[in-house]
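Subject: A structure for you to look at

Hi there,

Here is the structure I promised to pass on. Have a look at it first, and then read on for some notes on its salt bridges.

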Amino acid sequence: MTPPSVLNLSAYLMYATGKAARRTLSEKLTARGLRLWHLTVLTLVADLGPQPKGVLAARLDMNASDLAKIVKDLADAGQVECVRSLTDRRRVDVRITPEGRTALDHLSADIASADDDLLTPLSEAEREQLASLLRRVQAHHEETGPAAGLRVAAQARQP
């Protein structure tokens with residue numbers, strides 16, 4: 001049972017809810033042989049187009065060797081491919097494949113299901129309000145957090 005006094009701490013509530021969200025989403029992803037980082041990398045490459053591994057690692061505030069493992073897993077599954085950059089032949093970009101787009105489409109239903117499970121007690125309007133507030137908090141921390149400088153540098157290297 002949660003001690004009543006911590007229910008007044010937003011940081012604790014976000015932590016506990018985040019754990020529940022991660023657990024729910026992880027179960028959905030594990031059923032497809034994926035982890036949260038696989039989804040994150042696949043989505044980023046789908047949203048932003050081909051990305052060098054170093055830029056991906058910086059954008060995600062992730063160790064480059066950990067990212068390399070995730071990219072290898074996705075490449076082995078045929079969901080991404082590593083190709084020479086069209087603008088700089090020395091650079092290798094990670095690009096989503098048609099199979100990766102299909103996998104991402106199928107994952108969308110899993111993600112929606114995980115959201116529904118997590119947010120069951122909220123109305124649709126409350127869900128929209130919560131998402132809006134969380135996006136504002138996340139954007140603030142993304143702009144001011146420790147990886148902000150790394151992301152700016154990585155983005156500067158983009159063509």
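Let me begin with lysine 72 and aspartate 76, which form a salt bridge with their closest N and O atoms 2.7 Å apart. (A salt bridge here is a side-chain nitrogen of Lys or Arg within 4 Å of a carboxyl oxygen of Asp or Glu.) Please keep in mind that this is a predicted model, where local features need pLDDT of at least 70, side-chain atom pairs count only at pLDDT 80 or more, and totals for chains, interfaces and linings use all residues. Residues are numbered from 1 along each chain as its sequence is written, and side-chain values use heavy atoms, leaving out hydrogens and water.

Both partners sit in helix α4 (residues 64-76), 4 residues apart, so about one helical turn separates them. Helices are DSSP runs of H or I with at least four residues, numbered from the N terminus. Lysine 72 is partly exposed at 48% relative accessible area, while aspartate 76 is exposed at 57%. For these words, buried means under 20% relative accessible area, exposed over 50%, and partly exposed in between, with a 1.4 Å probe and protein chains only.

The whole structure has 8 salt bridges. Another of them pairs aspartate 117 with lysine 28, at 3.8 Å between the closest N and O atoms. Aspartate 117 belongs to helix α5 (residues 98-118) and lysine 28 to helix α1 (residues 10-30), so this pair ties together parts 89 residues apart in sequence.

Finally, arginine 91 meets aspartate 93 at 2.9 Å, N to O. Arginine 91 is buried at 17% relative accessibility, and aspartate 93 is buried at 5%.

Enjoy exploring!

Note on methods:
Helix = DSSP H or I, 4+ residues; strand = E, 2+ residues; numbered from the N terminus.
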